[in-house]
Amino acid sequence: MYALNGGAGKRMAGTAVTAAIGAALLLPAVPASAAPAAPTASTAATAPAVAAKGGEYKYHYTYRVIRKTTPAEVSFKKMNKIMNGVFPIKGMPKTVKKNQKICLKMVKDCNPVRVTAVGKTSFTLKSLPGHLEGAGKIITFKLVKKNGYLVLDVSAHGPKAVWQKHPITDKSNRLFARGMWGAYAVNLAKAAEYNLV
């Protein structure tokens, strides 16, 4: 059901991606203190992107996934058994492990990344030469518990690609990233409903 590569899962993921990207393009980030409590899953971003300075690419987004009583460590361990089903970009393996090289498939056939760290509640990817956004970008995905919610925390930094140095393309890329990781949070919430996360 959560496999993004086919059937109902593909339709669900497509809808989730479209909804999350649409929300990201139309709605401002909501501070955690102002976000309404949701009886079910909420993917509202709770922190705005950090502005990039000079040639550095940088952002930080958080998403409330679902109200959850289990520790983040338990959710992360479960998620890392179905990573290919919840991650919003094709090419992720079922389980991420340190030093894995992964070919993410979006826009171009292969956007290579390497898993540089896997912790108890997080994993980090580094973009490699040949990636659409250029090499050297570091992105960390972390599950945390906050105010009774499971939260997806995403932070990225690294050198800007030439096309990201223009204000319009830079902003568009950030909005796209915000929507994409919002889709990740939606997928996690749906998996959590079946106790898969």
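**View 1. The buried residues of helix α2 in the predicted model.** Helix α2 spans residues 72-79. Its buried residues include A72, S75, F76 and M79. These four lie on the same side of α2, because they cover an arc of only 100° around the axis. The spacing fits a general rule. An α-helix has 3.6 residues a turn, so residues three or four places apart point the same way. The model shown here and in the views below is predicted.

**View 2. The whole chain, for orientation.** Four helices and six strands make up the chain. Read from the N terminus, the order of elements is α-β-α-α-β-β-β-β-β-α. The chain has 197 residues, and 44% of them count as buried. The exposed surface comes to about 9,900 Å². Carbon and sulfur atoms supply 61% of that area. Take the contacts between residues at least 6 apart in sequence: 53% of these join residues at least 24 apart.

**View 3. The largest nonpolar core.** This core holds 38 residues. M79, F87, F123, W181 and Y184 touch the most other members. Helix α4, residues 167-193, gives the largest share of the core, with nine residues.

**View 4. The surroundings of W181.** Neighbours within four places in sequence are left aside here. W181 is then in contact with Y59, Y63, F87, P88, I89, I139, F141, L152 and V154. One of these, F141, sits in strand β5.

**View 5. F141 in strand β5.** Strand β5 covers residues 138-146 and includes F141. F141 counts as buried because its relative accessibility is 2%, and the cut-off for buried is under 20%. Residues up to four places away in sequence are not counted in what follows. F141 touches F87, T121, S122, F123, L125, D153, V154, W181 and Y184. T121 lies 20 residues from F141 along the chain, and their C-alpha atoms are separated by 8.5 Å.

**View 6. The disulfide between C103 and C110.** The count for the model is one disulfide. It joins C103 to C110, with an S to S distance of 2.1 Å. A disulfide is a covalent bond between the sulfur atoms of two cysteines. C103 counts as partly exposed, at 25% relative accessibility. C110 is also partly exposed, at 29%.

Definitions and conventions. Residues are numbered from 1 along each chain as its sequence is written. This is a predicted model: local features need pLDDT of at least 70, side-chain atom pairs count only at pLDDT 80 or more; totals for chains, interfaces and linings use all residues. Side-chain values use heavy atoms; hydrogens and water are left out. Buried means under 20% relative accessible area, exposed over 50%, partly exposed in between (1.4 Å probe, protein chains only). Helices (H or I, at least four residues) and strands (E, at least two) are DSSP runs, numbered from the N terminus. The arc is that of the directions from the helix axis to the C-beta atoms. Contact means heavy atoms within 4.5 Å. Accessible areas come from the Shrake-Rupley method with a 1.4 Å probe; for residues, only the protein chains shown count as cover. A nonpolar core is a set of buried Ala, Val, Leu, Ile, Met, Phe, Trp, Tyr and Cys residues joined through side-chain atoms within 4.5 Å. A disulfide is a pair of cysteine sulfur atoms within 2.5 Å.
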